[in-house]
Amino acid sequence: MCGRFAVTLPADAMAQLFDARPANDLPQVPNFNVCPTNQIHVVHSDTGRRLVSMRWGFLPHWYTAPNAGPLLINARAETIAEKPAFQAACRARRCLIPTSGFYEWTKDPDGNRLPWYITRRDGAPLVMAGVWQDWAVGDEAFRTFAIVTCAANGPMSDIHHRMPVVLPPGDWGKWLGEAGHGAATLMQPAPDDTLRFHRVSTQVNSNRASGPELIEEVIEDF
């Protein structure tokens, strides 16, 4: 699964990267510790591409409150087209989540959680596949999203058995529905040489931690 990530690219650079029209209410960047329920930069296609703010944690339309059920931060590629929560979004509301990298955890022999930071090997932004949903009850309204995940590729399986669906630029249009059908074929593990990862400080184990030191490589925590 993907439960935490970092965003360091400025909003204007994101808009240029995706040739997207930016909204006026975009979140502040950088954010080195993006957590569920945070507002995040997301790209979707309407009448052209738009860079907008969405809340991380997909809320199905039948939820009577944001906490009326589990917070759906991830959607499994293998079942996304069958799950009632994601069926419609999978067909018609797909999006791109631009990040700098994401975090995953392993455990040492004593059960301590050891964080890793995963980025693209080529240094480019790491763009994840997502699905989105508008949710509103009474005075509360959110535009929400979930990250699509798949089985881990070879190198990633040493850290975790799942990984986000990582999309290269050539697949962005197809995922957004701009380039015909076939989005389902994109929900595959990234090639083994796509990503690199390194150990980072256990500071990031706290969702209140912040700062660029969270993504810096460490050999051992003291």
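How many aromatic pairs does the count come to?

Tutor: The model is predicted, so local features need pLDDT of at least 70 and side-chain atom pairs count only at pLDDT 80 or more, while totals for chains, interfaces and linings use all residues. Residues are numbered from 1 along each chain as its sequence is written, and side-chain values use heavy atoms, with hydrogens and water left out.

The count comes to eight aromatic pairs. Here, rings of Phe, Tyr and Trp (its six-membered ring) pair if their centres lie within 6.5 Å; planes under 30 degrees apart are stacked, over 60 edge-to-face, and the rest tilted. Strands and helices are DSSP runs numbered from the N terminus (E, at least two residues, for strands; H or I, at least four, for helices). Both Tyr 103 and Tyr 117 are buried, on a scale where buried means under 20% relative accessible area, exposed over 50% and partly exposed in between (1.4 Å probe, protein chains only).

Trp 135 and Phe 142 form a stacked pair, with 6.0 Å from centre to centre and 20 degrees between the planes. Which of these two is buried, Trp 135 or Phe 142? Trp 135 counts as buried because its relative accessibility is 3%. Phe 142 has a relative accessible area of 24% and is therefore partly exposed. Elsewhere, Phe 5, Trp 56 and Phe 145 form one aromatic cluster.

The strands that carry S8 and S9 come next. S8 and S9 belong to an open sheet of five strands in the order S3-S1-S8-S9-S13, with antiparallel pairing; two strands pair if DSSP finds at least two bridges between them. At the edges are strand S3 (31–34) and strand S13 (195–199), each of which pairs on one side only. Neighbouring strands of this sheet are turned by 30 degrees against each other on average, direction ignored. Such angles are taken between lines fitted to C-alpha atoms, for helices over the stretch in contact, and run from 0 to 180 degrees between N-to-C directions. Strand S9 (residues 113–120) is joined to S13 by five bridges, and the two run antiparallel. Trp 116 stands opposite Arg 199 in S13.

Now for strand S11 (residues 140–151), which has several partners. Strand S10 (residues 126–137) runs antiparallel to S11 and is joined to it by eight bridges. Val 137 is opposite Glu 140 in S11. The hairpin of S10 and S11 has two residues between its strands, and Gly 138 there takes a positive phi near 60 degrees. S11 also pairs in the parallel sense with strand S5 (residues 48–56), over two bridges, and the bridge partner of Arg 55 in S11 is Thr 144. Strand S6 (residues 74–76) is another parallel partner, with three bridges to S11, and Ala 75 stands opposite Val 148 in S11. Strand S12 (residues 162–164) pairs with S11 in the antiparallel sense over three bridges; there Cys 150 faces Met 163 in S12 as its opposite residue.

Ile 147 is found in strand S11 as well. Its relative accessible area is 0%, so Ile 147 is buried.

The peptide bond from Val 29 to Pro 30 is cis, with omega near 5 degrees, and Pro 30 is found in the loop between strand S2 (21–22) and S3. Thr 37, in the loop between S3 and strand S4 (39–46), has a positive phi near 80 degrees. Thr 37 counts as partly exposed because its relative accessibility is 36%. Most residues other than glycine have a negative phi, and most peptide bonds are trans.
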